[in-house]
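Could you walk me through how this protein is put together, with the cut-offs spelled out along the way?

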Amino acid sequence: MSTYVYGITAASHPTLPEDLVGVGDPALAVRVLKEGDLAAIVSDSPEGLRPKRRDLLAHQNVLSEAGTDGCILPMRFGSVAPDDDTVTGVLAERQEHYKERLQTLDGKVEYNVKATHDEEAVLHRVMSDNPDVRAMTEANRQAGGGSYEDRLRLGEVVVAAVKAREAEDAGLVQRALEPLADAISVGPESSGWLANVSFLVERDSAASFLEAVDELRKAHPHLDLRVNGPLPPYSFVDPGPAEPAGTTVGIDHAEE
């Protein structure tokens with residue numbers, strides 16, 4: 001049977017609860033595979049696994065339980081190897097790399113911050129900050145609304161100004177929060193967000209990080225900031241060398 005992998009930790013990691021279960025219906029028992037100084041937290045892999053809410057939560061719960069007493073290198077949902085031997089083979093092959101990652105990420109958590117604009121507030125800001133927009137708006141007003149071409153041109157100028165503001169504010173969010181993090185990881189671009197950044201934060205400094213987010217909200221009310229965390233450090237687990245053929249054990253992507 002295939003092996004489902006939740007994460008990688010030190011072989012000295014405290015014993016997990018005996019009744020800990022993971023993905024599947026019925027939920028499958030979680031177990032530990034050891035190889036040298038490393039261990040993989042695994043279970044059997046159910047057939048036809050899909051990212052259903054129940055299994056996504058089960059995956060997260062295993063990582064949360066295991067991460068309570070020590071550092072875990074989290075795997076993305078759906079990481080499956082052909083068998084237990086493949087998993088231990090990967091642990092043996094990448095022993096030094098994973099040990100370095102565990103040392104680096106120990107005591108740290110991830111916070112993902114996504115930013116959007118409050119549409120009405122940012123339009124007001126563009127109008128007040130951009131003299132060209134103000135002049136064109138006033139000219140159209142005096143002309144009874146302006147011609148179709150005038151209105152079209154004004155719309156194009158406003159869209160360009162908003163886009164410029166998005167880029168400016170994306171940099172603002174990153175610059176404001178980066179000093180409070182040990183590392184950052186910029187997420188993929190999306191039309192839904194002007195910024196999507198993950199921050200690696202010392203667990204003991206999490207309160208200060210969240211306070212900084214609140215201060216950023218207060219100082220820039222045209223920004224809508226959404227914070228997800230604390231999370232296992234998905235975005236900061238370097239997969240190391242290329243994966244051996246026949247396995248999907250690599251930890252090359254983070255869950256969002």
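The largest nonpolar core has 21 residues, and those touching the most other members are Val113, Val173, Leu177, Phe199, Phe209 and Leu225. A nonpolar core here is a set of buried Ala, Val, Leu, Ile, Met, Phe, Trp, Tyr and Cys residues joined through side-chain atoms within 4.5 Å. Buried stands for under 20% relative accessible area, exposed for over 50%, and partly exposed for what lies in between, with a 1.4 Å probe and protein chains only. Two or more residues of this core come from each of strand E6 (108–117), helix H6 (148–177), strand E8 (195–202), helix H7 (206–219) and strand E9 (223–231). H7 gives the largest share, five residues. These element names are DSSP runs numbered from the N terminus: helices are H or I with at least four residues, strands are E with at least two.

Before going on, a word on the ground rules: this is a predicted model, in which local features need pLDDT of at least 70 and side-chain atom pairs count only at pLDDT 80 or more, while totals for chains, interfaces and linings use all residues. Residues are numbered from 1 along each chain as its sequence is written, and side-chain values use heavy atoms, with hydrogens and water left out.

Now to the rings. The structure holds four aromatic pairs. One of them joins Phe199 and Phe209, whose centres are 5.3 Å apart with 50 degrees between the planes, so by definition the pair is tilted. The rule pairs rings of Phe, Tyr and Trp (its six-membered ring) if their centres lie within 6.5 Å, and planes under 30 degrees apart count as stacked, over 60 as edge-to-face and the rest as tilted. Phe199 sits in strand E8 and Phe209 in helix H7, 10 residues apart, and the pair links these distant parts of the chain. Phe199 counts as buried because its relative accessibility is 0%, and Phe209 is buried as well, with a relative accessible area of 0%. Elsewhere, ring pairs join Tyr4, Tyr6 and Phe77 into a cluster. A charge also meets a ring: Lys114 lies over the face of Trp193, 5.8 Å from the ring centre. For that label, NZ of Lys or CZ of Arg must be within 6 Å of the ring centre and within 35 degrees of the ring normal.

Next, follow helix H7 to the loop between H7 and E9, where His222 is found. Is His222 buried or exposed? With 2% relative accessibility, His222 counts as buried. Its side chain makes a polar contact with the side chain of Asp169 at 2.8 Å. Such a contact is a pair of N or O atoms within 3.5 Å; within protein, one must be able to donate a hydrogen and the other to accept it, and residues adjacent in sequence count only if both atoms are side-chain atoms. Beyond four places in sequence, the residues in contact with His222 include Thr116, His117, Asp118, Arg125, Arg165 and Asp169.

Arg217 belongs to helix H7 itself. Arg217 is partly exposed, with a relative accessible area of 30%. The side chain of Arg217 makes a polar contact with that of Asp214 (2.8 Å), and beyond four places in sequence Arg217 is in contact with Leu225, Arg226 and Val227. Arg217 and Val173 are 44 residues apart in sequence, yet 9.9 Å apart in space, C-alpha to C-alpha.

The backbone deserves a look too. Most peptide bonds are trans. Asp25 and Pro26, however, are joined by a cis peptide bond with omega of about 5 degrees, and Pro26 is in the loop between strand E1 (3–10) and strand E2 (31–35). The bond from Gly229 to Pro230 is also cis, with omega near 5 degrees; Pro230 is in strand E9.

Stepping back, the protein has seven helices and nine strands, and 41% of its 256 residues count as buried. Among contacts with a separation of 6 or more, 75% are between residues 24 or more positions apart.

How values were computed
Contact = heavy atoms within 4.5 Å.
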